[in-house]
Amino acid sequence: MQKISLHEVFDQLWEFYATQNPQVPLIHNLLAEREELSNLVNDHIALRTFAETRVGLEVLAKNFTQLGFEEQASYELRDKNVFAKYYAHPSGQWPKVFISELQLDSLSQAAQALVEELINQIPEKVLKSRALCAMGRPWDVSHSTYQKLLQESEYAAWMAAHGFQMNHATLNVNAMSSFANLEALIHFLEEKGFAMNGQEQGQEIQKAFDPHGEYLLKQASTLAAEVPVQFTDGEHIIPGCYYEFIERFQGYEGFDPGNASKIMESTYVRSHGNH
Ligand code: NI
């Protein structure tokens, strides 16, 4: 089997993410005007998949564990029917990898059959690839299938349309020098015109605390910008990926299921009537 390095996996993931989602280079360039490039540290990347034997979380995780990553913790996002684990490299030189999977038995029989039809299209060679996680969408899908899945699960629909790619990357505010905290960074990005998840409700920042009520985590994310996606029955504009921002406290390296669930809503289809 062809060897692949962590550099190649992360480069492939990043290339896809940055070219498909124009807000990513825009935000990077804006921040690079204020920060040393070495201050723009990617805390973690997130991947999504279906909880199915051939493509489930553990299958994607192998792309990383075979290259030295180690499992750290698992989370249940019950309100989204999603299970997740995160992995880290002992060198500390790589972003953490957060992989989630949608429990298919949370979908109707009809929707489960649609998902199975997608997975059945994946060539054996691709299923066995050491970079399955960065393959993009290895199946054809119609817009009507996308819409049927959307009625049951935003996650399932996103996955059907986009396949295996980075759902988001995450800049760590702790590493930056020109923003005092996450609030300051989010304020800056909103002033530059980027729409944040939760902005309309004034709830951009997701927070997690330790048992003493002290901060462990603050997180925020852009709304996924809409991108053109090719379906078998034509091109449609739908939410793509988003950029996340995180502030960590007390050396906490983990995640929080409540935060993760809210952040996941960054890819929700918005009803703003422009398509
Ligand atoms: Ni994240």
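Tyr87 has Val97 in β4 as its bridge partner, and this pair belongs to the six bridges that join strand β3 (residues 82-88) to β4 in the antiparallel sense. Strands here are DSSP runs of E with at least two residues, helices are runs of H or I with at least four, and both are numbered from the N terminus; two strands are said to pair if DSSP finds at least two bridges between them. This is a predicted model, in which local features need pLDDT of at least 70 and side-chain atom pairs count only at pLDDT 80 or more, while totals for chains, interfaces and linings use all residues. Residues are numbered from 1 along each chain as its sequence is written, and side-chain values use heavy atoms, with hydrogens and water left out.

The loop between β3 and β4 holds Gly92, which counts as exposed at 57% relative accessibility; exposed means over 50% relative accessible area, buried under 20%, and partly exposed in between, with a 1.4 Å probe and protein chains only. The C-alpha atom of Gly92 is separated by 23 Å from that of Ser221, a residue 129 positions away along the chain.

Strand β1 (residues 42-50) is mostly covered, since eight of its nine residues are buried. β1 also pairs with β5, in the antiparallel sense and over five bridges, and there Ile45 stands opposite Ala169 in β5.

These pairings are part of an open sheet of eight strands with mixed pairing, in the order β2-β3-β4-β1-β5-β10-β7-β6. Its edge strands, each pairing on one side only, are β2 (70-77) and β6 (206-209). On average, neighbouring strands of this sheet are turned by 20 degrees against each other, direction ignored, where axes are lines fitted to C-alpha atoms (for helices over the stretch in contact) and angles run from 0 to 180 degrees between N-to-C directions.

Which residues hold the nickel ion? Its protein donors are His44 (NE2), His168 (NE2) and Glu244 (OE), at 1.9 to 2.1 Å from the ion; donors are N, O and S atoms within 2.8 Å of the metal (3.2 Å for Na, K and Ca), and sites may look incomplete because water is not among the atoms. His168 lies in strand β5 (residues 166-172) and Glu244 in strand β10 (residues 242-248), so this pair ties together parts that are 76 residues apart in sequence. His168 is buried, with a relative accessible area of 5%, and Glu244 is likewise buried, at 1%.

A pocket is an open set of points on a 1 Å grid over the protein atoms alone, where a 1.4 Å probe fits and protein lies on both sides within 12 Å along at least five of seven lines, and lining residues have an atom within 4 Å of a point. The second largest pocket has a volume of about 250 Å³, a volume being the space filled by probe spheres set on the points, which are joined across faces, edges and corners.
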